[in-house]
Amino acid sequence: MAKPKSRYICAACGSVTHRWQGQCADCSEWNTLAEEAPETVFSAKHDLSGGGRAIKFEALDAPGEKLVRRSTGLAEFDRALGGGLVPGSAVLMGGDPGIGKSTLLLQAAAAVALAGANAVYISGEEAAAQVRMRAERLGLGQAPILLAAATSVRDILTTLAGMPPPSLLVIDSIQTMHSDQIEGAPGTVSQVRASAFELIRYAKENGVALVLVGHVTKDGSIAGPRVLEHMVDVVMSFEGERSHQYRILRSIKNRFGPVDEIGVFAMEGQGLAEVGNPSMLFLSGRDQPVAGSAVFPAIEGTRPVLVEIQALIVRLASGATPRRAVVGWDSGRLAMLLAVLEARCGLSFSSAEVYLNVAGGYRLADPAADLAVAAALVSALADKPLPADAVWFGEVSLAGEIRPVAHGGIRLRESAKLGFARAFGPSDLPVKKDGTKFTPLALLPNLVDRIMGGA
Ligand code: TYD
Ligand code: MG
């Protein structure tokens, strides 16, 4: 039999090669390949003459168990989960260091415990005393959480096997867990996978809602193998700029609900406060209209959020390559929009640096932002402020058309509610336009004429 080949697995993306390299060929991360014991293959083909059992097929409409959900005690967390935690499911919570994952989960565990259910919080990163101090700071010192500092999966599962299964089990973080079933230091791909596998199996068998905290790499994906994302039922990401107060909890994958709902929190002196009505958060204080600022009525899931988009254009005297920097939006999308403005509207950005910022540390994913970004860019280029009481939304096509977007009605209603008297958007908006004076724009050149013409 041929000697089994060694395998190298990338800790960042999980790709497998048979040769060690300094840089992963798939994700281009450096020094992430680690050797893993080769798999033993007994035979490439199953012997069907014995050993297997017949499986039973089920009807889709067979009466099954109804999906029950348990509240986390935080309405914004429940909303992002699609209604609460599902017993016997696993949630992976990613986010930059210091964003507030531990705080959020400690608050949720405390709420579950105070509601009378069992909540276990296992910290692999901080000593119990540190977690206790945080709980005191949060005013949750009295919550009957079962708290432990541990990293051995065997110890954790042994302890859990000797007690009634808790409602909520928090593991902070999966990268610190260690399974002695497998070689390797905590945090390596095989360790993370093996530890997660055992913990998830325990959760499924015992109807426990499991939340695994996962670290995030530079490019924003959850560190450790991609397989972790496949193993869990829900992948959530906790986002925000650390320098800003607001935090957005988003689900990226959810086997039990929609992925477009968000939870909004504010990090305050006493932990995370829920923000039930976020529509005004991301508007900066606007006294004087300034050039390059446009308000965009975004939709997050079912909720409208008004966001301010800021553009700055700096003309370069020399022939140096101009910079394009974007915070809070897709840089590829900005490049496309600049190209459309050049090709369809005759504007020139080629000798200017372009900076784009979404206020309040917010990250925009809504495609309807195109028109507001274009308005901010044109306003900055012309150095003409946009009307302070206007909002802009619509998707821009490569041909320069302004295309219809979803939820036009909700966007207009929310804008009107917050005192914006004018809205500009796609021409075929099939809604009643009450409250706000709506001006349809068919093509990007219409927008440019409007702003350049000073209307
Ligand atoms: P933490 O939950 O430890 O982040 P993570 O687990 O994602 O790494 O949050 C740490 C940050 O939150 C820390 O920088 C301080 C801040 N913070 C507050 O502002 N107020 C608070 O009440 C708490 C507990 C933390
Ligand atoms: Mg933490």
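A residue counts as buried when its relative accessible area is under 20%, as exposed when that area is over 50%, and as partly exposed in between. This cut-off is a handy place to start with the present structure, which is a predicted model. Ser 179 has a relative accessibility of 1%, and it is therefore classed as buried.

Leaving aside residues up to four places away in sequence, Ser 179 is in contact with Val 153, Gln 191, Ala 194, Ser 195 and Glu 198.

Seen as a whole, the protein has 10 helices and 21 strands. The C-alpha trace spans about 75 × 55 × 50 Å along its principal axes. Of the 455 residues, 47% count as buried. Among the contacts with a separation of 6 or more, 65% come from residues 24 or more positions apart.

A separation of 54 Å lies between the C-alpha atoms of Ala 148 and Val 314, two residues that are 166 residues apart along the chain.

The cysteines come next. A disulfide is a covalent bond between the sulfur atoms of two cysteines. The structure holds zero disulfides. For Cys 24, the closest cysteine sulfur is that of Cys 10, at 3.8 Å; because a disulfide needs the two sulfur atoms within 2.5 Å, this pair is too far apart for a bond. Cys 24 is itself buried, with a relative accessible area of 3%. Cys 345 has a relative accessible area of 18%, which is under the 20% limit, so Cys 345 is also buried.

Turning to ligand 1, there are 16 residues around it, of which Gly 98, Lys 101, Ser 102, Thr 103 and Gly 271 come nearest. By class, this shell has four nonpolar, seven polar and five charged residues. Several polar approaches can be picked out. A polar side-chain atom of Thr 103 lies 2.6 Å from an oxygen atom of the ligand, while a polar side-chain atom of Arg 137 lies 3.2 Å from a nitrogen atom of ligand 1. The backbone takes part as well: a polar backbone atom of Glu 268 is 2.8 Å from a nitrogen atom of ligand 1. Taken alone, ligand 1 exposes 560 Å², and the protein buries 75% of that area. Two or more residues of the shell are given by each of helix H2 (101–114), helix H3 (128–137) and strand E11 (262–268). Of the elements, H2 provides the largest share, with three residues.

Conventions. Residues numbered from 1 in each chain as written. Chains lettered and ligands numbered in written order. Predicted model: local features only at pLDDT ≥ 70, side-chain atom pairs only at ≥ 80, totals over all residues. Heavy atoms only, no water. Buried < 20%, exposed > 50% of the residue type's maximum accessible area, 1.4 Å probe, protein only. Contact = heavy atoms within 4.5 Å. Near = heavy atom within 4 Å. Polar contact = N/O pair within 3.5 Å; in protein donor to acceptor, adjacent residues only side chain to side chain. Areas by Shrake-Rupley, 256 points an atom, 1.4 Å probe, with all protein chains shown as cover. Helix = DSSP H or I, 4+ residues; strand = E, 2+ residues; numbered from the N terminus. Nonpolar A, V, L, I, M, F, W, Y, C, P; charged D, E, K, R; others polar.
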